[in-house]
Amino acid sequence: MLETTISLIDKEITVKLYKDLINQLNKDFLLSGIDFNLSLNSKPDKLVNDLKIFFQDMIVTEYQKFYQLMYALDIPENKLVSIKETEMDAMINRIIHLVLE
């Protein structure tokens, strides 16, 4: 019984941290003047897919805003510059990893 309770608490903490992450991303988007909102009910795979589509569109259409957003998200410039992937999909995946870590 105690193990079940501890497991439930761990799960609740994980859910809260996940929602806190989404809330923080949404706040950073808003503070950066970007009209993009992630759903608090998104499963992790949907969250990653939404970010992938969003970042890819920003890189292609609004690179300067994308760069400013990375600054707002506290992604160091040297980490962005160090991304060696040349394929857009691989590069976006690396950026998402940096944003979520």
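The chain contains 5 helices and 0 strands, where helices (H or I, at least four residues) and strands (E, at least two) are DSSP runs numbered from the N terminus. Its pattern along the sequence reads α-α-α-α-α. This is a predicted model, in which local features need pLDDT of at least 70 and side-chain atom pairs count only at pLDDT 80 or more, while totals for chains, interfaces and linings use all residues. Residues are numbered from 1 along each chain as its sequence is written, and side-chain values use heavy atoms, with hydrogens and water left out.

The C-alpha trace spans about 55 × 30 × 20 Å along its principal axes. Of the 101 residues, 29% count as buried, that is, under 20% relative accessible area with a 1.4 Å probe, protein chains only. The accessible surface of the chain is about 7200 Å², and carbon and sulfur atoms hold 57% of that surface; the areas come from the Shrake-Rupley method with a 1.4 Å probe.

Contacts are heavy atoms within 4.5 Å. Among contacts in the chain with a separation of 6 or more, 52% join residues 24 or more positions apart.

Ser42 counts as buried because its relative accessibility is 8%. Leaving aside residues up to four places away in sequence, Ser42 touches Tyr18, Leu47 and Asp50.

Charge is the last topic. The chain carries 11 positive and 16 negative side chains, and the centres of the two sets lie 2 Å apart. Lys and Arg count as positive and Asp and Glu as negative, with His and the chain ends not counted; each charge is placed at NZ of Lys, CZ of Arg, CG of Asp or CD of Glu.

Notes. Buried means under 20% relative accessible area, exposed over 50%, partly exposed in between (1.4 Å probe, protein chains only).
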